[in-house]
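Colleague: Could you take me through this model? I would like to begin with the strands.

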Amino acid sequence: MPVSRQCKSLWYYFYSDFFQKLMTHLPQASQLIDRFGRTVNYLRVSITDRCDFRCLYCMAEDMVFLPRGQILSLEEIHFISQAFVELGVSKIRITGGEPLVRNGALGLLQQLGQLSGLDELVITTNGSQLASMAADIKAAGVKRINISLDTLDADKFKQLTRTGDLAQVLKGIDAAIAADFQRIKINAVILKNRNHQEVGDLVQFAVDKAIDISFIEEMPLGVVDQHNRAEAYYPSHLIKQDLQQRFDLVAIADKTGGPSDYCQVVGSQTRVGFISPHSANFCSSCNRVRLTAEGRLLLCLGNEDSVDLKAVVRQYPNDMARLKQAIIEAMQIKPERHYFDLNEQPIIMRHMNATGG
Ligand code: SAM
Ligand code: SF4
């Protein structure tokens with residue numbers, strides 16, 4: 001072969017190999033686009049509806065949980081997650097219920113951590129199991145972790161969670177810090193006259209630990225006893241006002257692609273987020289869908305529109321093409337927005353634990 005042709009083919013092989021490698025590492029554009037032109041690139045998965053706590057804004061005291069056979073197996077969760085990633089989803093959040101009380105949760109995280117094309121594997125937990133699991137979760141490839149903490153008062157913690165132990169959760173937070181996650185964020189649901197007086201102390205806690213914190217307005221999902229949601233409503237702007245008495249806050253751009261408005265506490269590493277489903281609707285930029293513990297693909301937290309993916313994977317096991325088609329078609333029923341009314345009985349009867357909050 002003449003030298004020039006030989007060189008040409010060597011260059012060809014070099015470049016095609018180079019570009020192929022480059023393409024597998026570049027974020028893939030999501031194929032999931034809804035009727036309103038929103039791209040879905042984020043999946044939240046509730047891997048169990050069960051939990052060791054009974055937070056009073058999340059659950060009723062006597063909850064009936066799903067029978068085992070009705071929830072997705074870990075293999076089914078992995079298969080469905082793989083389909084989403086192949087369709088261009090780049091971020092998966094594992095949640096629940098309490099995800100870390102499900103047997104095999106760590107193995108699932110390890111497997112998901114190896115999905116090629118998944119940029120971010122993250123988790124939301126109540127922290128009760130973190131003291132023993134944080135290091136393994138980090139090793140599985142989980143980069144960022146959200147830990148729920150609504151109060152620093154042990155008695156109030158018991159009242160709010162009904163069964164939780166504050167000391168155990170604080171140990172869990174320290175274990176997460178020691179495990180050196182890229183980002184740790186506290187989630188606090190704020191209820192008037194229950195914990196609204198503590199927002200400053202919670203931010204100080206986050207500043208002292210050099211972690212982030214987000215405050216969440218309570219959402220009317222499922223019927224709960226023991227408090228009136230309208231009376232307990234404490235909007236984000238009041239939280240911000242309270243914090244400004246004690247901290248210097250500057251607004252910063254949200255780099256996480258989520259619904260939070262963020263401020264930085266000046267002179268610290270701590271960002272404070274405000275998630276305001278009532279006072280500042282964020283639906284126009286929604287990029288997420290949720291997989292419930294029983295395998296329903298929920299297109300919106302505040303609406304019941306869904307597609308039964310468990311039926312698809314059980315009727316056609318290992319049929320990736322059919323599953324992907326069902327997911328693509330589901331985008332057509334993603335609602336434009338949620339409408340929450342705290343003064344009405346909830347129109348959404350499912351509780352947050354079944355939803356993948
Ligand atoms: N068990 C884990 C935890 O508590 O972090 C993960 C599941 S929990 C349902 C996810 C998040 O939803 C938590 O931060 C919790 O505080 C929040 N949450 C639960 N019920 C809520 C509600 N009715 N309104 C707003 N946030 C809620
Ligand atoms: Fe459990 Fe999380 Fe719901 Fe609390 S918020 S009851 S920890 S699922």
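Modeller: Strand 11 (residues 296-298) pairs with strand 12 in the antiparallel sense, over three bridges. Strands are DSSP runs of E with at least two residues, helices are runs of H or I with at least four, and both are numbered from the N terminus. Two strands pair if DSSP finds at least two bridges between them. This is a predicted model, in which local features need pLDDT of at least 70, side-chain atom pairs count only at pLDDT 80 or more, and totals for chains, interfaces and linings use all residues. Residues are numbered from 1 along each chain as its sequence is written, ligands are numbered from 1 and chains lettered from A in the order in which they are written, and side-chain values use heavy atoms, leaving out hydrogens and water.

Colleague: Which residue stands opposite Asp308?

Modeller: Arg296 is opposite Asp308, which belongs to strand 12.

Colleague: And in what order do the 12 strands form the sheet?

Modeller: The order is 7-8-9-6-5-4-3-2-1-10-11-12, in an open sheet with mixed pairing. Its edge strands, strand 7 (249-252) and strand 12 (306-308), each pair on one side only.

Colleague: Turning to the loops, where does Asp180 lie?

Modeller: Asp180 is in the loop between helix 6 (166-179) and strand 5 (183-190). Although Asp180 is not a glycine, its phi is positive, about 65 degrees.

Colleague: Why does Asp180 count as exposed?

Modeller: Asp180 counts as exposed because its relative accessibility is 55%. Buried means under 20% relative accessible area, exposed over 50%, and partly exposed in between (1.4 Å probe, protein chains only).
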